[in-house]
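Work through the exercises below with the sequence and the coordinates open. Each task is followed by a solution in steps.

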Amino acid sequence: MNALLRRGVARVGIPCVWRGKRFSSRDEAAESNRGTPMLRHLTYKIKSTGPITVAEYMKEVLTNPAKGYYVHHDMLGEKGDFITSPEISQIFGELLGIWFISEWMASGKSPAFQLVELGPGRGTLTGDILRVFSQLGSVLKACDISIHLVEVSQKLSEIQALTLTEEKLPLERDAESLVYMKGVTKSGLPVSWYRDLKDVPKGCSFYLAHEFFDALPVHKFQKTSQGWREVLVDIDPQVPDKLRFVLAPCATPAEAFIRQHDEGRDHVEVCPDAGIIIQDLSERIALTGGAALIADYGHDGTKADTFRGFRGHQLHDVLIAPGTADLTADVDFSYLRRMAQGKVASLGPVEQRTFLKNMGIDVRLQVLLDKADEPSAKQQLLQGYDMLMNPQKMGERFNFFALLPHQRLHDASQERNACQSKTPASPVAGFDELVWQ
């Protein structure tokens, strides 16, 4: 498809520059650091083949094997470019651990299940979940649990291994295998690493994707008087070492992803890669059971231009110094729901503060506060709670979304037509107040 796109948008005759929102950190370092290896790579590519799609730009900048941001950076934490909920408070991961146990129990307590995380970051979230599994060992004692991590970054996979595995037991490594690394967690569970979801063995699995979908490449489209036109990335003819957005002069194949007739927005972002992954998850869950929990920046088909960059915890112009900053776009949960194609039921999206409140975050916070001896520890717990729950911080910006088997819900035949859940057969933790079976 990329070849078709390039052939359809020759550099000659592109009539206009897209004047969408521009995000910039406005720092001098970024301005002086335009000449990155990634910029040189992209400039050569565009000169050779013409303007590229925003999706291709994101893919190159983030996951290029030689120069990609995710492949060679540890971007998480205070010293990185952004920080995630598991790094802020242990409570976040603990509550997600409770969610998976709750759904495992509600779905019939299968004798084995795979915990699969897409894009595990530093492994902090999985580590917190596994601590809950250990604490509730009496509930899970008859269950055969294995951990499966989907990670493209060699650097992050090494950090995950340090976080999760038993140091006394050496890791098995095979760069040529679909399972490129294996080990044993500190609690004695087998853990494996993969580069792609399709390589994870099929079986009763519970999937987790936290801040994963927002980093997948998006195509951007602008409504014009001539119809929809795709936003592309080109070289600025006035400044050779600078990139700019332009509009394709004619239709491109990717416009097939737009819902032409009922789309009220004048700017749309579509992520085909997310659709493929959701279809894979839906087929797996429909076939073997389990569930998927997705937590991310996002909206339900209401937002327009959300493409932005982060560097040093500040907004950063997405076209400046590519390869040195994170790129992200809000997840369109309405698109994910459509891509499930009725094979499974969906719940959400619900705001993070609602989900965590339903999971009992207030009770867990009080338990930890009562146990904390140092005032500094209590202050850290309260600050973490505020960051997670405050509507002005993460409370309303993050959303939770779940995929569940139809048999988990009432009126499965109606659900298949509606593609969205009605009344659960039993409450689904987080989306309703947590109830143990």
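**Exercise 1. A glutamate in a helix**

Task: Decide whether Glu56 counts as buried or exposed, and find the side chain with which its own side chain makes a polar contact.

Solution. Step 1: the relative accessibility of Glu56 is 8%, so Glu56 counts as buried (buried is under 20% relative accessible area, exposed over 50%, partly exposed in between, with a 1.4 Å probe and protein chains only). Step 2: Glu56 sits in helix α4, residues 54–63 (helices are DSSP runs of H or I with at least four residues, strands are runs of E with at least two, and both are numbered from the N terminus). Step 3: the partner is Lys45, whose side chain is 3.1 Å away in a polar contact (a pair of N or O atoms within 3.5 Å; within protein, one must be able to donate a hydrogen and the other to accept it, and residues adjacent in sequence count only if both atoms are side-chain atoms).

The model is predicted: local features need pLDDT of at least 70, side-chain atom pairs count only at pLDDT 80 or more, and totals for chains, interfaces and linings use all residues. Residues are numbered from 1 along each chain as its sequence is written, and side-chain values use heavy atoms, with hydrogens and water left out.

**Exercise 2. Overall counts**

Task: State how many helices and strands there are, and what share of the residues is buried.

Solution. Step 1: the protein has 16 helices and 18 strands. Step 2: of its 437 residues, 56% count as buried. Step 3: taking contacts between residues at least 6 apart in sequence, 74% join residues at least 24 apart (contact means heavy atoms within 4.5 Å).

**Exercise 3. Helices α7 and α15**

Task: Check the span of each helix against 1.5 Å a residue, then find which residues of α15 are buried.

Solution. Step 1: the 17 residues of α7 should span 24 Å, and the end C-alpha atoms are 25 Å apart, which agrees (the expected span is 1.5 Å times one less than the number of residues). Step 2: in α7, 15 of the 17 residues are buried. Step 3: at the start of α7, a side-chain oxygen of Ser89 comes within 3.2 Å of the backbone nitrogen of Ile91. Step 4: α15 (residues 375–389) has 15 residues and reaches 21 Å from its first C-alpha to its last, close to the expected 21 Å. Step 5: the buried residues of α15 are Leu381, Gly384, Leu388 and Met389. Viewed down the axis of α15, they fall within an arc of 115°, so they line one face of the helix; the arc is that of the directions from the helix axis to the C-beta atoms. Step 6: these buried residues pack against α6 (85–88), α7 (90–106), α13 (352–358) and α14 (361–371), while the face turned away carries the exposed Pro375 and Ser376.

**Exercise 4. Backbone exceptions**

Task: Given that most residues other than glycine have a negative phi, and most peptide bonds are trans, look for exceptions.

Solution. Step 1: Lys109 has a positive phi of about 55° without being a glycine. Lys109 lies in the loop between α7 and β2 (112–118) and is partly exposed, at 47% relative accessible area. Step 2: Ala321, also not a glycine, has a positive phi of about 45°. Ala321 lies in the loop between β14 (314–316) and β15 (326–328) and counts as buried, at 1% relative accessibility. Step 3: a cis peptide bond, with omega about 10°, joins Gly348 and Pro349; Pro349 is in strand β17 (residues 345–351).
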